[in-house]
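I opened this entry to write down what I looked up, one item at a time. The notes follow the order in which I went through the structure.

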Amino acid sequence: INCPVLKTLKLKDIVTLSGTLDVQNANVLQEFNASGTKFNSVLFAATPTLVNVNVPDTLTDLTLNGLTNIIDSRLVLDSYSNLSKIEITNCPKLDVFNIVNTAYQAGAPLNNVIAHGINWNINDVGLIRKLAEVKANLSGKITLGEGITVDTSLKLKFVEAWGNVDISTNKLQVRYSSNNLNSIKITGKSY
């Protein structure tokens, strides 16, 4: 759609609309409603004016970049369960963790997650394992809850996905509880 002065776009319940909708040229768009359509992706302009977004349950790609004034209560997804990609950058008023976690809890087939400048507290080992498995492109800090045990296999997934998450110079740091070993005993057959 090439309408640079368009402020409101309501396509609600037009079930014949599908595929990708490109509204990147609508630089002053304030309100967008495609609930009940069959779009799988909507491309928005990076703009501070867009403050109301409602997207359909068929959405597989949620990409929001530079929507600096949109807040959680004004971003409405009819469903999170079909999301395979979530990319949210420079949207400081959105709770990106809540969006990613809600999609994960809904059983979404997430395979691409991009978020920068995060400061997340995660209490679900399944979510952090999933993010590591898909090699989510994350930067910032994740703090794991006390109940999450980082075993060797999980730590290896962290290293494969994000490098050395234990050092402050890494783009993503993961903080977790660890146990100090006072002694170790190896037993077995001698050769």
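This is a predicted model: local features need pLDDT of at least 70, side-chain atom pairs count only at pLDDT 80 or more; totals for chains, interfaces and linings use all residues.

**Entry 1: the largest pocket.** Which strand gives the most? I found S9 in that place, with 6 residues. The lining has 13 residues in total. I noted those nearest the centre of the pocket: Cys 91, Val 96, His 116, Gly 117 and Ile 118. Sorted by class, the lining holds 8 nonpolar and 5 polar residues, and I found no charged residues in it. For the space in this pocket I wrote down about 170 Å³.

**Entry 2: His 116.** His 116 is among the residues nearest the centre of the largest pocket, and its place in the chain is strand S9. Is His 116 buried, partly exposed or exposed? Its relative accessible area is 40%.

**Entry 3: S10, H3 and S11.** Next I looked up how strand S10, residues 137–144, is joined to strand S11, residues 172–175. I found 4 bridges between them, and the two strands run parallel. Between S10 and S11 the chain passes through helix H3, residues 152–162, and I recorded this β-α-β crossover as right-handed.

**Entry 4: Lys 157 and Lys 135.** I stayed with helix H3, where Lys 157 has its place. The relative accessible area of Lys 157 is 24%, so I list this residue as partly exposed. From there I went to Lys 135, 22 residues away along the chain, and found 8.5 Å between the two C-alpha atoms. Lys 135 sits in the loop between helix H2, residues 125–133, and S10. With a relative accessible area of 49%, Lys 135 is also partly exposed.

**Entry 5: positive phi.** Why did I look at phi at all? Most residues other than glycine have a negative phi. Lys 135 has a positive phi, near 50°. I noted a positive phi for Asp 13 as well, near 65°. Asp 13 belongs to the loop between strand S1, residues 8–10, and strand S2, residues 18–23.

**Entry 6: the whole protein.** I have 3 helices and 11 strands on my list. Read from the N terminus, the order of elements is β-β-β-β-β-β-β-β-α-β-α-β-α-β. The radius of gyration is 20 Å, whereas the globule rule gives 16 Å for 191 residues. The value is well over the rule, so I describe the protein as more spread out than a compact globule. Along the principal axes, the C-alpha trace spans about 75 × 30 × 25 Å. How much of the protein is buried? I wrote down 40% of the 191 residues.

Technical notes: Residues are numbered from 1 along each chain as its sequence is written. Side-chain values use heavy atoms; hydrogens and water are left out. On a 1 Å grid over the protein atoms alone, a cavity is a set of points where a 1.4 Å probe fits but cannot get out, and a pocket is an open set with protein on both sides within 12 Å along at least five of seven lines; lining residues have an atom within 4 Å of a point. Grid points are joined across faces, edges and corners, and a volume is the space filled by probe spheres set on the points. Ala, Val, Leu, Ile, Met, Phe, Trp, Tyr, Cys and Pro count as nonpolar, Asp, Glu, Lys and Arg as charged, and the others, Gly among them, as polar. Two strands pair if DSSP finds at least two bridges between them. A crossover is right-handed if, with the strands pointing away from the viewer, the path from the first strand over the helix to the second runs clockwise. The radius of gyration is taken over C-alpha atoms; the globule rule is 2.2 Å times the number of residues to the power 0.38. Buried means under 20% relative accessible area, exposed over 50%, partly exposed in between (1.4 Å probe, protein chains only).
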